[in-house]
Amino acid sequence: MTTLTSAHTTYQHANKSLPAKEALTWLKEGWQLFKKAPIKLLGLSFLMLLIAGLLQALLGPVGLGVSKWISPILATFMWLAIANLAVKGRVSLSGGTLRSWANIALWSLTGPAIAWIQFQIGDMLMGAESMAALASGNIVDVPAWKVGLMMGSATPINLLLLFVPLLLILKHHSISASFKNSIAAVIGAYKPMLVVGVMMFLSVALAPYTFALSGLVLGPIVSCACFVAYQRLFR
């Protein structure tokens with residue numbers, strides 16, 4: 001184990017010898033955690049997708065940007081629900097301070113930035129006209145695998161920043177410390193984290209084939225496994 005310290009945080013993370021199969025342990029324990037409240041977690045997952053979708057549909061041209069900004073904030077509520085389930089044995093959205101939520105709102109600005117990267121990849125895969133139509137919510141005749149690849153293209157960035165909201169809302173770290181420590185932890189346990197990355201990719205890339213059911217169902221299970229990873233990598 002290696003101990004890293006900064007002005008804001010002290011934590012331990014696994015070294016690079018942590019085997020890839022450790023991810024299977026995280027997934028197994030995450031599944032057990034999910035089974036404690038599957039209906040509530042699935043319902044929360046559906047509600048998050050519904051809110052993001054309604055914002056995008058109802059706010060006109062700015063709806064897409066607002067949706068991409070709000071989505072990471074909504075995802076933080078999912079993290080809180082899972083954390084409270086793991087620690088207190090019940091799903092609850094309570095937690096965090098005014099300052100930590102302000103930091104969450106600032107961190108969520110990465111949502112539109114990451115979406116911009118996805119759109120650039122979408123332009124290369126499907127063309128600017130098709131992407132403009134998709135962004136407007138119109139049905140476009142493009143191969144599903146291209147849409148899935150575009151949606152999953154943000155996985156490397158999302159993987160590196162995976163623990164940022166947890167560090168912000170549960171540990172009350174600064175944004176800079178949360179970014180640094182999340183990236184360090186993921187790189188420090190890169191073998192099992194690559195397996196986690198594959199699961200994250202599949203949960204979104206399969207959405208065009210499953211009408212978003214992959215993200216709706218697989219998403220909370222993967223999130224539970226990621227929370228177990230957070231518990232193991234951070235002390």
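Helices here are DSSP runs of H or I with at least four residues, strands are runs of E with at least two, and both are numbered from the N terminus. By that rule, Lys68 sits in helix H3.

Before going on, some ground rules. This is a predicted model, in which local features need pLDDT of at least 70 and side-chain atom pairs count only at pLDDT 80 or more, while totals for chains, interfaces and linings use all residues. Residues are numbered from 1 along each chain as its sequence is written, and side-chain values use heavy atoms, with hydrogens and water left out.

The overview, then. The protein chain has 13 helices and two strands. Of its 235 residues, 43% count as buried. Buried means under 20% relative accessible area, exposed means over 50%, and partly exposed is in between, with a 1.4 Å probe and protein chains only. Contact means heavy atoms within 4.5 Å. Take the contacts between residues at least 6 apart in sequence: 71% of them join residues at least 24 apart.

Back to Lys68. Is Lys68 buried, exposed or partly exposed? Its relative accessibility is 27%, so Lys68 counts as partly exposed. Setting aside residues up to four places away in sequence, Lys68 touches Ser108, Gly111, Pro112 and Ala115. Leu109 is 41 residues from Lys68 in sequence, yet the C-alpha to C-alpha distance is 8.2 Å.

H3 covers 63-88 and H5 covers 110-126. Their axes come within 7 Å and cross at roughly 120°. Axes are lines fitted to C-alpha atoms, for helices over the stretch in contact, and angles run from 0 to 180 degrees between N-to-C directions. H3 and H5 are therefore oblique to each other. The classes are: under 35 degrees roughly parallel, over 145 roughly antiparallel, 65 to 115 roughly perpendicular, and the rest oblique. From H3, Leu64, Gly65, Lys68, Trp69 and Pro72 meet Gly111, Pro112, Ala115 and Phe119 of H5. By class, that contact has six nonpolar, two polar and one charged residues. Ala, Val, Leu, Ile, Met, Phe, Trp, Tyr, Cys and Pro count as nonpolar, Asp, Glu, Lys and Arg as charged, and the others, Gly among them, as polar.

Next, H4, residues 98-107. Which residues of H4 are buried? Ser100, Asn103, Ile104 and Trp107. They cover an arc of only 105° around the axis, so they lie on the same side of H4. That arc is taken from the directions from the helix axis to the C-beta atoms. The face turned away from the buried side carries exposed Leu98, Arg99 and Leu106. The cover over the buried residues includes H3, H5, H9 and H10.

H10 also holds Gly188. Gly188 is buried, with a relative accessible area of 4%. Leu18 is 170 residues away from Gly188 in sequence, but 8.6 Å away in space, C-alpha to C-alpha.

Now H1, residues 22-34, and H11, residues 190-205. Their axes come within 7 Å and cross at roughly 50°. H1 and H11 are therefore oblique to each other. H1 brings Glu22, Ala23, Trp26 and Leu27, and H11 brings Pro192, Met193, Val195, Val196 and Met199. This contact divides into eight nonpolar, no polar and one charged residues.

Last stop, Ser223. Ser223 lies in helix H13, residues 213-233. Ser223 is buried, at 16% relative accessible area. Leaving aside neighbours within four places in sequence, Ser223 contacts Trp79 and Ile82.
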